[in-house]
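Here are some notes to read with the model open beside you. Take the points one at a time and find each residue as you go.

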Amino acid sequence: MLSCKPTPGPERPVKSLSRRLAGAACGLLLLAVSCSDKSDSPPKPTSRNTSNSLSLATSTNPVPPPASIPIAPDPNVAVTTAPPTIVEVTPPKAAAPPPVAALPTDPPAAVSTLPPALGIADREAAFLRAMRMLKSASATERSNALQQIQASAEAGLPAAQHNLGVFYLHGTGVASNQAAATRWLRQSAEQGFAEAQFKLSALLVSQGEAPLEEAAGWLEKASAQGHAEAAYQLGVIRLRGIRNQPDPAGAARAFRVAADRGHVKSQVNLGVLLFHGGAGETNRNEALTWYRRAADQGHPGARFNLGTALAKGDGIDQDLVSAYFWLSLAAQQGDQDAEAAVKETVATMTPAQLAEGVRRVSAYRRSTRAEAPSSPSNPP
């Protein structure tokens, strides 16, 4: 029989924050933090908000977040048998820009090639020209561009400070130097540049437990500017807890901010917390709404959770045809739990129900192959 409760017995677990959320009380897997790049293995889809981790800001507006904060199991907490699949980092590997002549490892504090009286608009224009020059085939022009970006950073331009920090962080055209990266990112963050605030928080959490409070503060600032990935990572930190003090309610608030902005993993995590009351509030109708939004974006865990609830009539009217539809989509993405759940669901369906479920799945697959997908929430 299908179940959304991840008890040790034969029932099926919910794909959730740790992919196995313990019982209706939502025993939350608390997670530790690291800052290494990695990629999710297909076919698990990830947030649509990630981008190249070496992407360079070309204006004073924040660029899309290129990286996230990895979370590892807390050694002081009992871990379920399955590894986490939702609270994960999924930054793609970034290709470094063409090699350029290196800047000094730790540049002088204030050696600017820009005229002192240059206005902010002129500084921005010079910075943008330098960014375009980085694409030049000429090593000399690329070297000059880097020098100009450094000068713009020293002149106080937050986008240039952010990019210079990224260069030092990844060793792009300069010798890798985490201290210099932290300094430039901090200067940019203090001027309110959201992407710098996000990246600075990642550097801080990589240093261990002590800087987590400061990291959370920068994530809050970036989240307030609309940075969905920052809100998601803030939820992760609050869920794990700072100094062994988890804050599930605070995590739910942060996940809600990101979920409202379309962040798929936050939608699933918020749904899990609401479905099982893990943040002190149980609201299964709202939880199923978040599952459906994430399922519409192709998240297999959300599709599994939604299909399981429909098969059981758990918090929603039982609908075996729709359950078959969602579970089949998740199974086609390689979800083994969904494959088993499909078999269990089929065993309870009438021939007419099964025929309709197969028709809906086939119609949806045809629509996606035709590159004009219908919404899964309203399948053909």
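1. First, a term. Helices (H or I, at least four residues) and strands (E, at least two) are DSSP runs, numbered from the N terminus. With that in hand, find S322, which belongs to helix α12. Please keep in mind that this is a predicted model, where local features need pLDDT of at least 70, side-chain atom pairs count only at pLDDT 80 or more, and totals for chains, interfaces and linings use all residues. Residues are numbered from 1 along each chain as its sequence is written, and side-chain values use heavy atoms, with hydrogens and water left out.

2. Now the overall view. The protein has 14 helices and two strands. Of its 380 residues, 52% are buried; buried means under 20% relative accessible area, exposed over 50%, and partly exposed in between (1.4 Å probe, protein chains only). The accessible surface comes to about 15,700 Å², and carbon and sulfur atoms account for 53% of that surface. Such areas come from the Shrake-Rupley method with a 1.4 Å probe, and for residues only the protein chains shown count as cover. A contact means heavy atoms within 4.5 Å. Among contacts between residues at least 6 apart in sequence, 65% join residues at least 24 apart.

3. Back to S322: is this residue buried or exposed? At 10% relative accessibility, S322 counts as buried. Leaving aside residues up to four places away in sequence, S322 touches L310 and R360. S322 and L310 are twelve residues apart in sequence, with 6.9 Å between their C-alpha atoms. The side chains of S322 and D319 are joined by a polar contact of 2.8 Å. A polar contact is a pair of N or O atoms within 3.5 Å; within protein, one must be able to donate a hydrogen and the other to accept it, and residues adjacent in sequence count only if both atoms are side-chain atoms.

4. Next, look at the aromatic rings. Rings of Phe, Tyr and Trp (its six-membered ring) pair if their centres lie within 6.5 Å; planes under 30 degrees apart count as stacked, over 60 as edge-to-face and the rest as tilted. By this rule there are four aromatic pairs. One of them is the edge-to-face pair of F325 and Y364, with 5.8 Å from centre to centre and 75° between the planes. F325 lies in helix α12 and Y364 in helix α14 (residues 351–369), so the pair ties together parts that are 39 residues apart in sequence. F325 is buried at a relative accessible area of 0%, and Y364 also counts as buried, at 10%. Together with W326, these two residues form one aromatic cluster.

5. R360 has its charged end over the ring of F325, 5.2 Å from the centre. Elsewhere, R293 lies over the face of W290, at 4.6 Å from the ring centre.

6. W290 is one of the buried residues of helix α10, which spans residues 284–296. Which helices do the buried residues of α10 pack against? They pack against α8 (248–260), α9 (264–276), α11 and α12. Just after α10, G298 takes a positive phi of about 95°.

7. Helix α4 (residues 178–190) contains L185, whose relative accessible area is 0%. Setting aside residues up to four places away in sequence, the residues that L185 touches include H162, A196 and L203. The buried residues of α4 pack against α2 (139–154), α3 (158–170), α5 (194–205) and α6 (212–224). After α4 comes G192, with a positive phi near 90°.

8. Finally, visit helix α13 (residues 336–346), where the buried residues include D337, A341 and T345. The buried residues of α13 pack against α11 (300–312) and α12 (320–332). D335 caps the N-terminal end of α13, placing a side-chain oxygen 3.0 Å from the backbone nitrogen of D337.

Technical notes:
Lys NZ or Arg CZ within 6 Å of the ring centre and 35° of its normal. Expected span 1.5 Å × (residues − 1).
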